[in-house]
Amino acid sequence: MKIAVIGTGYVGLVTGTCFAETGNEVICVDIDKSKVERLSKGEITIYEPGLEKLFLRNLKEERLRFTTNLSEAVKDALLVLLALPTPPGEDGSADLSYILGVAAELGKLIKPGDYKVVIDKSTVPVGTSAKVKNKILETGGKAVEGSFDVVSNPEFLREGIAVEDFMKPDRVVIGTDSARARKVIDDLYAPFVRQGNPVIFMDEPSAELTKYAANSFLATKISFMNEIAILCERFGADVDMVRRGIGSDSRIGKRFLFPGIGYGGSCFPKDVQALVKSANEVDYDFQILNAVMKVNEAQKLHLMPAISKYFNHQLKGMRIAIWGLAFKPNTDDIREAPAFYMIDALLKAGATVCAFDPEAMHNTKAVLKDKIEYGENQYATLKDADALVIATEWNEFRTPDFNKIASNLKNKVIFDGRNLFDLTDMKELGFYYVSVGRETVN
Ligand code: NAD
C-alpha cells in the first residue's frame, strides 16, 4: 500500500518505518527541513531502541522516503496518517491547529474520484475526526465528498519500546463507520496482529476517548501509588511491600505501581489535562483527574524537603550530581521530565548541578545550555559532588559500582527518586540513602 505519514516525530517515524517494514511504500512528510535532510541521508533523529536498523533497511530498500512536500507524499497515497503534535493550548486543552492546518491542505490535494483514508494517529479530543472531515470539505468543496474517509486510530506505543509496541500491539483501536475504510485498515494491520491480538472497531468518539482514558488511567495509578508512598513514609511502612502485596491481586495487576518523583513525558501530563478540559466543555468536573495532576505536580519535588533538611536548609554552594534527564529510560525525550523540575528547584536554592543521561544529553544541552554542568559518564558527574540524585531509572544505574560512587562523592549521600537500590545493601555500604515510600537509611 502507498502511505503518507505527516509528521516524523516519535510517533510518525516509528509508524512510517514499521509500515515500510511490512512491505508498504511510505513517504514521511515534515515541515522541519533539517530533520527531513538528516533522515533522507540515513541519520536517525530520535533515540528509540531497535528503530535505527529498521529505518536504515527500509531507506536502503527505498520503501521509506522523506520529504517536506505534502503534495508529493499525498498524491498517490491510499492512506494519509496524521502523526502531528497536539500540544496543550494556553488553557490546557489540546491545540488542534497542526491537525486542522494539514486537514485544510489535504482538502486542496484530494481529487474528486480519488479514494484516500485519512487516519488520525495523534491524540485528539472527541469530535476531532469530524472536525478534520469538515475542514477537508471546507477547502476541497463538495466535489471531494465521497473521495475520502477520516478514521481515528489512536496510537498506544510507549517511547523506549515503541518498535516492539508497534510491531506487536496489544490491540489496535479504530474509530470509523465506513465499511470501505475498515477493509483498508484491516489489510494494513493484518501483519501486526497475526497472533490474534484484536483490531477493535468502534465509532469515532469512542476511539478518541479510549486513548485519553488509557493514559489518564495509567497516570491515576501512578499518582495513587505516589500517595500510598507518602503514607508509607509517615506510617513507617515499606511501599515495596505494599506494592507487591496489592500487585499480586490480578484485579489490580503488577504494572504502573512503582512510586517515584512523578510522571512526565509528552503524553501523560498533556493528555490528562486535555481530558479534564474536554470534560469541562461538557459541564463535567473530572475530580479524580484534577487530583491526579495536583499529586503529580507535588511529587516532582517530593525529594526536595529531604535534600534541604540533609543540608540544614543551606543548599547554597552545594554541588549535586543528577543521574537521569530523560522522562523515562530508553528514550532521549526530555519533555516534562521530572529531572528538570528537580534541577530547577536545586538551582533556585543556590546549588550547582552536574548531570548525566545515557541518551538525553544532546536534548538537555539544547534547553539548559550552561545553566548546569554535564558529566561525561555517570561517575564523572559525581566528582566533588555533595550528593547524588537519581531522577530516571536507566538500567545502567541499577547496579552501579558503589565503591566508585563513594570515592567520587564528597559524602556518601544518595537521594533516589526511582527506588533503584536495596535498603539492606545501602545500610551495609554505609550510604545515607533516601528513596520514595521507604525508610531513610542513615
Ligand atoms: P513530535 O513532536 O515528536 O513530532 C511531531 C512532528 O510533526 C515534528 O517532527 C514536527 O516538525 C512535525 N510537524 C509539525 N507540523 C507539521 C506540518 N504541518 N506538516 C508536517 N509535519 C509537521 O510528536 P510525537 O511525540 O510524535 O506525537 C505526535 C502525536 O502522537 C501527539 O498527538 C501525541 O500526543 C501522540 N502520541 C505520542 C506518543 C509518544 O510516545 N510520543 C505516543 C502515542 C501518541
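**The ligand and its surroundings**

Guide: A backbone N or O atom of Leu-84 is 3.5 Å from an oxygen atom of the ligand. The protein buries 89% of the 830 Å² that the ligand exposes when taken alone (areas by the Shrake-Rupley method with a 1.4 Å probe). Two or more residues of the shell around the ligand come from helix H1 (10-21) and from helix H5 (97-109); helices (H or I, at least four residues) and strands (E, at least two) are DSSP runs, numbered from the N terminus.

This is a predicted model, in which local features need pLDDT of at least 70 and side-chain atom pairs count only at pLDDT 80 or more, while totals for chains, interfaces and linings use all residues. Residues are numbered from 1 along each chain as its sequence is written, and side-chain values use heavy atoms, with hydrogens and water left out.

The ligand has 27 residues around it, of which Asp-30, Lys-35, Thr-86, Glu-159 and Lys-270 come nearest (a residue is near if one of its heavy atoms lies within 4 Å). An N or O atom in the side chain of Asp-30 is 2.6 Å from a ligand oxygen atom. For Tyr-10, a backbone N or O atom lies 3.1 Å from an oxygen atom of the ligand. By type, the shell holds twelve nonpolar, seven polar and eight charged residues. Here Ala, Val, Leu, Ile, Met, Phe, Trp, Tyr, Cys and Pro count as nonpolar, Asp, Glu, Lys and Arg as charged, and the others, Gly among them, as polar.

Now the charged pairs. Side chains of opposite charge can pair when their charged atoms come close. The whole structure has 26 salt bridges.

Helix H5 holds both Lys-108 and Glu-105, three residues apart, about one turn of the helix. Their side chains meet in a salt bridge of 3.3 Å, N to O. Lys-108 is exposed, at 52% relative accessible area, and Glu-105 is partly exposed, at 35%. The limits are under 20% for buried, over 50% for exposed and partly exposed in between, with a 1.4 Å probe and protein chains only.

Methods: A polar contact is a pair of N or O atoms within 3.5 Å; within protein, one must be able to donate a hydrogen and the other to accept it, and residues adjacent in sequence count only if both atoms are side-chain atoms. A salt bridge is a side-chain nitrogen of Lys or Arg within 4 Å of a carboxyl oxygen of Asp or Glu.
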